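Please examine the model shown below.

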Amino acid sequence: MMGYADTRQVGTGLRQRIYCRAFIIGSLSDPSERIAYLVLDAQSGDTAIRHGILQGLARLGDEYQVYNKNSLSVIGTHSHSGPGAWLNYLLPQITSKGFSRDSYQAIVDGAVLALQRAHASLTPGHLSYGETTTTGINLNRSPYAYLANPQHERDLYPDDVDKEMTVLKFERASDGMPLGLLSWFPVHGTSLYQNNTLIAGDNKGVAAYLLEEYMKGRNPDFVAGFSQSNVGDTSPNTLGAYCEDTGLECRFNDSTCGGRTQLCRGRGPKFRNLDQGTGSCFEIGRRQFAAARDVLESDHLERIPVSTVSSFHVFANMSAYSFVSPFNQTQILSTCSAALGHGFAGGTTDGPGAFDFKQGTNDSDDSPSLRNPVWKAARGFIHEPSDEQIVCQRPKPILLDVGDAHSPYAWTPNVIDIQLMRVGDLIMIVSPGEATTMAGRRWRKALAAAAPSILDVHNPKIVLGGPANTYAHYIATEEEYRVQRYEGASTLYGPHTLAAYLNLTLTYLPYLGSRQEIKHLHPMPSGPSPPINVNISYSFINPVLVDHPGFFRNFGDVLSSPDPSTPYSANGSSVVRSRFVAANPRNNFRLEETFAAVEKYDPDAGKWRQVRTDRDWFLVYKWDRTSTTLGTSEVTIEWEIEPWTEPGMYRMRYYGDAKSITGKITAFEGASGIFTVSKPDRQPDFGDELVKA
Ligand SMILES: [Zn+2]
């Protein structure tokens, strides 16, 4: 899986299928004035993924050429429980045993399909803008670093994280039907802990699911995009971080317990459930859903008038970029080639470092990292930093000099994406790194100050979406950088990383003007091209060899079913389970389909109808390998019966695909026995506000 960079976090099923949600804004008559904002249920945007999407769009013909390098952005929700092995650069591939073409292609294909659907459903509409202040969704996980920012600057803000959620509402012009919502709010997708092995969109996946369910009655095709924002130092573990051994708070300045990071863990609102963070994840997602819904339904929304829609994109090489400081015009600053500091290996209170990359550099070490085949193959290529690089990155002590490591192929990006998008007064910063709270504020503030004179916008509203387009780790302020906690240690291009991003976006800001305004500007430079490593990446991921049902059994056979004699109450805490003879889910991801379903009997029609799929948070698909030698496996489908479930007769269905010894893949299915669900016998903990409209 991808997010925590933990080799031991290997997927065993699906709590919630993940999605790409595409939003197109612009002119119907003039396709050159369009932008496409893709929200991907994944750890981040990525160079290879974005490249693959652009290639896919190019194959769709002329009509799709308006969604190009300049106008398309790919923003990750930063879920830490998504699949892995799809990223372009070597470093984030290490803990997923390299690159998987299947994993990569599924994401690219899903994103292209999402964009095709958005394009096919283009319709005249209105956009409205709204904001709300949230409580209990995020906190700062590195307050010690935040406190390094100047007092006078901190005094401008009530909190050490941004609590505002910004919302764009999409409505159909003809009848005001709500079409979708795009929101920005910073909170790490780390509600599900590092010991969770079920794929999910984390808290933003929950928020999107709940809002789409809630809006179903008004528009079954409603699309809810919960974009990540200046997520860097935020955490969804809102109760703070505590030591697992003593139960005391972790040490303030370095989040350690007795000198070690491994025991310090952030606690979400339902941490007592001991459920790998599942309850907390739902709760943090529910709070984001509720905030977005309240803005959506409020009458304080501001209509965005018909106006300029524009965007630009340029690649920039950050390895030694010299520029005038945006904070002090008399200073010339420079960035450095990418490097990670020692604080990177320590991890954070959301996920303590499990993988000390610097260990196991020779075979006499008995390091656990040597069990990782990619690390074993790549460690010989570790780049030793030059004296110049050491000075440039100061005070960061360099753990991995990744920017200049080009063998066996590039480890991290030195070439990053600079992109802005604009809809009237609204400007979207598309950030490749995880900007910290204060870094995001400075960036937005700088653009808000410059936009009125450069773009003739009177009341600029600036939002930041990221990590997007590539994964460039973190963007801390210079003051936070000096502290070298995880976020500073992961700020790749040295102390002036943020200043460089500001400088580059300010430099190209005039290109967000109307077509008339930009006519006299020099054409945008195309910039250097980043490497695409899809075809040269390592892969130590074993293929599926064969599936076997086991003796005297068939694929899809039911091994156990819920008790048919007692009705299950829809009180929010009844769980029913079925178990089946299974095959490896990697044989077919069942894109646009499902691995698991709940069916309800319709007595009037005399038919079974599908009422839940693996898209649903409360329907869980768990796969167990029972024998690697024989190739046997079993699947458990688990349904936590929601309070809004209608009473009636139900059964569960499993869909699988088995691989024969000749390599042929054959679909099969199985259905559980019948069971009944009754009305709740007590008031459920949650549900009233979630009951579908
Ligand atoms: Zn992060």
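Into which domains is the protein chain divided? There are two: domain 1 (2–310 + 413–469 + 508–518) and domain 2 (558–690), with bounds from an automatic or database domain assignment. This is a predicted model, in which local features need pLDDT of at least 70, side-chain atom pairs count only at pLDDT 80 or more, and totals for chains, interfaces and linings use all residues. Residues are numbered from 1 along each chain as its sequence is written.

The centres of domain 1 and domain 2, taken over C-alpha atoms, are 30 Å apart. Domain 1 contributes 16 residues to the contact and domain 2 contributes 13 residues; two residues are in contact if their C-beta atoms, placed from the backbone, lie within 7 Å.

The largest nonpolar core comprises 169 residues. Such a core is a set of buried Ala, Val, Leu, Ile, Met, Phe, Trp, Tyr and Cys residues joined through C-beta atoms within 7 Å, and a residue is buried if 20 or more other C-beta atoms lie within 10 Å of its own. Because domain 1 and domain 2 both give residues to this core, it lies between them. Among the residues with the most contacts inside this core are Leu115, Leu211 and Ala292. Leaving aside neighbours within four places in sequence, Ala292 is in contact with residues including Met165, Leu181 and Leu211.

Ile641 counts as buried because it has 25 C-beta neighbours inside 10 Å. Not counting residues up to four places away in sequence, Ile641 touches Tyr568, Ala570, Ser574, Val576 and Val677. The C-alpha atoms of Ile641 and Ser569 are separated by 7.8 Å, although these residues are 72 residues apart along the chain.

Note on methods:
A residue is buried if 20 or more other C-beta atoms lie within 10 Å of its own, exposed if 12 or fewer, and partly exposed in between; C-beta atoms are placed from the backbone.
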